[in-house]
Number of protein chains: 2
Amino acid sequence: MARSNVGPTITEVAKAAGVSRATVSRVLNGRTTVDPAIGARVRAQAERLQYRPNLTARYLSTGRTMTVSLVIPDLGNPMFQSVLRSLTRAAESAGYGVLVAEAQSAEKEARIAQDARRQCDAVVLVAPRTVDAELDALITQVAPVVVLNRRLKDPHVASVGIDYGAGVTQLVDHLTALGHRDLLYVAGPERSAAHQERLATLNSIAASRPELSVRTIPGGASMAAGHDVAEEVLASGATGVLAFNDLVAFGLLARLHGLSVDVPGDLSVTGFDGIELSRFAVPALTTVGQEVLDTGAVAWSLLEPQLAATGKAGPVEHALLTPRLIVGDSTGPAPAARASAHAPAADAAPDPAAR
Amino acid sequence: MARSNVGPTITEVAKAAGVSRATVSRVLNGRTTVDPAIGARVRAQAERLQYRPNLTARYLSTGRTMTVSLVIPDLGNPMFQSVLRSLTRAAESAGYGVLVAEAQSAEKEARIAQDARRQCDAVVLVAPRTVDAELDALITQVAPVVVLNRRLKDPHVASVGIDYGAGVTQLVDHLTALGHRDLLYVAGPERSAAHQERLATLNSIAASRPELSVRTIPGGASMAAGHDVAEEVLASGATGVLAFNDLVAFGLLARLHGLSVDVPGDLSVTGFDGIELSRFAVPALTTVGQEVLDTGAVAWSLLEPQLAATGKAGPVEHALLTPRLIVGDSTGPAPAARASAHAPAADAAPDPAAR
DNA sequence: ACAGGCGGAGAAACCGGTTCCCCGTATCAT
DNA sequence: ATGATACGGGGAACCGGTTTCTCCGCCTGT
């Protein structure tokens, strides 16, 4: 019913070629040697009628939709966009399409993922906010699934994690090597697993290095968030700022520029994720991320065997990507340290060229 | 066949509730008053079994997939990402999903769109590169369709255009009001319709205002492109630069900063599109765009009636969004004009070789 | 020459829903 | 009480493919 104006069905092709539907199906799927003459006739008619199989019907009978869903918290974040892009490309080359779903709130994540799974063969879940217990339940429901940017206890589900701890450690080491002792973390969303992991690492670093001061202020995950905390960051007196992610760092840099703060002269700022944008920030952002290894592509490589597998299927894999430090121009010697050893004189003077 | 581990079918629910499949279907779709007792029984069993209808099957029988495709040239461009986001949100609230397809080359656009249409009810086409003749043919094949960011001759197809000409005019007016007489356009991709329209407008402006010098250099559509043309831009001696889009402007600003060029002191730079990022550029970018009106949402509003329409359907609408000038800090008085009143002499002086 | 084997193609079942058609029953009016 | 009507729900067809099963005809081997 309500068939749109889309083309002919396999039945019409069969009629036109004077064969059965089964034969048309066989021919067009390159099945067991059909009589070449018939094959040619079918193909000719299919071509003449511009026949295109109805994918929905095919999916119903084969049970595979050739589609996977990507469930993302925020379509506005380049980090997730890059996942979408690389996943789309990887999936496309295997003949799969990608359906995007945005779970704008943590509560919706589960519901959205379930809905998505109903029309797809698998789900790629970027679910940093759902709590562990719920997540486990969800995962079993929507499998096959790959979980991104989050480390799971459950070894049965594929995941692509990023070693946030290693990333944070690299950033802190970088900053402390530059003489920074007073660090400030502009936090991400409270429920974000990425945030929690970064915070935990920072706390453990702080605990093991008493000479460091590591404070935290609430932030967010957007440029606007970074922009809005600039004054508070300045007021804190910290010399090294670790923004939750590149976007936050970005907004922060913009506002600091407006406030004529010299970065990195007065203040060093780091991001997280290594989005393409970070290279073009002014000043270029020091951050951590993986340029080559692409999360979306890795996710696909973990998902594909699960899709192909006829039976219960083989081993589920995990990937843990370790981000690399990308040194930009947004970090430099701590103001207090400039006078001494390495760095030359000239401290936070009324720097004229604050841009 | 090959039914994944997904839940029970309508038949099982029917059996469990002791009714026919038809009744289960009616109950769950809220059809004509079914006996409340039976309705409750069915619902109870559906709940107990955690029944979720198989969407593929439903689609086959209803002929509607509740999915639309978005065909985009480049998933990496925030401009398109914002379309994706707003379209996704608008579609979601109507119960539709969005399938993304990236047509990485102009040649692929048609093929991708056709493929996409086979599993969707409609296509949103952001096809700035396909030539008019092909586009017309394509459009009739994949209808219902909405074409974005491109003005069409064919009045039968819905489109959301952006008045690029008006945007360019505003930018040029803004720059000339600041005293700029020597303008440089960093071109977009050769085949891009957006580029062509902007270029045509610039040419017509140049023709009608002989006092202006409007030159063009090849560029691109990415931050990297903007970054790479910085030296050439400087060498041109122009004082006002119109970048093809915000990303190009962005890359350009970054490189200019690296070259210690004062923007807007030495050089004014404008973008195009008004992506969120532009507000956070350093310096904040002067650009044109539509903040509130969202292309994707508008596209949906044009598409929805076509989807709902049972018959051939009503009038196809067109939207033409007029971008607004967003003045940032990347534009300022022309250097030559700074000394005097408004905009004195100083024409194309011993221009150090326009490249 | 006849039986067995094999390959090719049609018939039909199936995927899991929706919906038309029709029948049986309950309700209402006469 | 009986006929007309409304309505609820079951049976079955249908959407458009894929795939199994079966049958037919021809080839081959003895």
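**Exercise 1. Leaving aside its neighbours within four places in sequence, which residues is Thr56(B) in contact with?**

Before we start: this is a predicted model, where local features need pLDDT of at least 70, side-chain atom pairs count only at pLDDT 80 or more, and totals for chains, interfaces and linings use all residues. Residues are numbered from 1 along each chain as its sequence is written, chains are lettered from A and ligands numbered from 1 in the order in which they are written, and side-chain values use heavy atoms, with hydrogens and water left out.

*Step 1.* Find Thr56(B) in helix α4 of chain B, residues 55–62. Helices (H or I, at least four residues) and strands (E, at least two) are DSSP runs, numbered from the N terminus.

*Step 2.* Look for contacts, meaning heavy atoms within 4.5 Å. Thr56(B) touches Thr56(A), Tyr59(A), Leu60(A) and Thr65(A).

*Step 3.* Check the accessibility: Thr56(B) has 9% and therefore counts as buried. Buried means under 20% relative accessible area, exposed over 50%, partly exposed in between (1.4 Å probe, protein chains only).

**Exercise 2. Work out which residues of helix α2(B) are buried and how they are arranged.**

*Step 1.* In α2(B), residues 21–28, the buried residues are Thr23(B), Val24(B) and Val27(B).

*Step 2.* Seen down the helix axis, these buried residues fall within an arc of 100 degrees, so they line one face of α2(B). The arc is that of the directions from the helix axis to the C-beta atoms.

*Step 3.* Now see what they pack against: α1 (10–17) and α3 (36–48) of chain B. After α2(B) comes Gly30(B), with a positive phi near 60 degrees.

**Exercise 3. Describe how α6(A) and α7(A) pack.**

*Step 1.* Helix α6(A) spans residues 106–118 and α7(A) spans 132–142; their axes are 10 Å apart, at an angle of about 10 degrees. Axes are lines fitted to C-alpha atoms, for helices over the stretch in contact, and angles run from 0 to 180 degrees between N-to-C directions.

*Step 2.* The two helices are therefore roughly parallel. Angles under 35 degrees count as roughly parallel, over 145 as roughly antiparallel, 65 to 115 as roughly perpendicular and the rest as oblique.

*Step 3.* Ala110(A), Ala113(A), Gln114(A) and Arg117(A) of α6(A) meet Leu138(A), Gln141(A) and Val142(A) of α7(A).
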